[in-house]
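Have the picture ready, and we'll go piece by piece.

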Amino acid sequence: MKQLICILCTISLLPSAAFAISSADLAANPDVVEQKLALVEYAEAYLAAHPQTPTQVLTPEEEIDLIIACEKQNLSDDEKKEILNPVGIFQLDSGNAMPTLARANDADMIYVTLNHPSLYVSAASSGSWYVTMSGEWSIDDPWSRHISGTGNIGGFDRFGVSYAGASSPCPARLDARGWMDDGAAHEKISTSVMGASRQNGVGFEFQDFRGLDNGRFYSVGKRFGCAIAYPAEFAYFSSTILSYYAHTWSDCVMTEFEWIPPSLGGGIHVEFERPSRGFLTYSGAKTTFSMGPPPVPVFVPVGFIVLLSSGLIFLFRKLFIS
């Protein structure tokens with residue numbers, strides 16, 4: 001039986017199997033337009049007081065690459081400032097929001113950390129804005145019990161950001177990059193965004209997998225994230241922004257993935273085949289799931305197969321030939 005899991009950004013109208021964000025959560029989300037405009041003003045004043053050298057002037061492509069590099073390292077806001085401010089990039093105060101932990105169980109001590117989205121503005125590139133999200137598994141090879149060698153870890157994973165309760169239309173994005181790696185040298189990058197109205201959010205689809213390099217297994221999917229670039233008009237766009245992450249392993253696949261229209265509350269609708277080996281989580285949620293035991297292979301003796309085949313052939317001849 002398929003399991004329905006949803007994110008809703010209003011009062012849930014679905015059964016208890018759905019994740020929901022209550023109207024109280026929406027009310028607690030401040031309108032950040034004034035904060036964005038204040039950050040732009042501060043950034044411009046900072047650059048006026050600290051003129052950039054030619055080596056500090058980055059192209060938009062270099063800016064998004066640098067922001068992604070900071071996200072991958074899980075730097076603190078202060079550490080990001082030291083790297084980004086000199087090149088004209090400034091982060092909107094995150095309020096030290098705690099990340100989501102989707103834990104397997106106490107025996108495994110395996111969980112995924114899903115960070116809240118971050119917002120940045122570049123005062124050096126015509127006021128572009130960047131929205132990022134990222135997540136990371138707690139150990140390097142969390143799916144070793146399900147895959148003895150190399151291969152895909154379940155079906156495709158999907159992750160990104162979701163907008164809900166928007167006060168105005170979302171500007172068209174300028175660029176978008178999704179990434180997935182093993183925490184080291186093995187990485188996948190994509191600029192192919194899943195089809196969706198820009199008002200709903202942005203998402204990426206990646207196949208995570210387990211590989212082998214110099215005798216060491218690695219898991220591409222240990223870390224993941226994306227960054228989306230918007231024009232200066234994004235400063236006037238205000239909404240509830242969530243990171244989301246839909247994951248499968250073993251023989252589980254996602255059979256449905258849909259964006260819920262903003263008129264119905266926004267968010268993500270996901271259905272899994274074999275839902276005990278898949279989950280959806282989002283920033284602000286507390287999701288518990290169990291990895292469960294590895295699939296038990298079924299071995300049938302070769303002699304039994306030969307005997308069965310011989311019996312079927314004999315029966316076929318008796319019924320249809322003789």
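This is a predicted model: local features need pLDDT of at least 70, side-chain atom pairs count only at pLDDT 80 or more; totals for chains, interfaces and linings use all residues.

Over how many bridges do strand S10 and S11 pair? Strand S10, residues 201-213, and S11 pair over 5 bridges, in the antiparallel sense. Here a strand is a DSSP run of E with at least two residues, a helix is a run of H or I with at least four, and both are numbered from the N terminus. Two strands count as paired if DSSP finds at least two bridges between them.

Residues are numbered from 1 along each chain as its sequence is written, and side-chain values use heavy atoms, with hydrogens and water left out.

Now zoom out. S10 and S11 belong to an open sheet of 5 strands, ordered S11-S10-S7-S13-S16 with antiparallel pairing. Its edge strands, S11 (216-220) and S16 (278-282), each pair on one side only.

Next, find Val202 in strand S10. Val202 is buried, with a relative accessible area of 2%; buried means under 20% (1.4 Å probe, protein chains only). Leaving out residues up to four places away in sequence, Val202 touches several others, including Phe159, Tyr230 and Trp259; contact means heavy atoms within 4.5 Å.

Finally, visit helix H3, residues 60-72, where Ile64, Ile67 and Cys70 are among the buried residues. Just after H3, Asn74 takes a positive phi of about 55 degrees.

Notes:
Buried means under 20% relative accessible area, exposed over 50%, partly exposed in between (1.4 Å probe, protein chains only).
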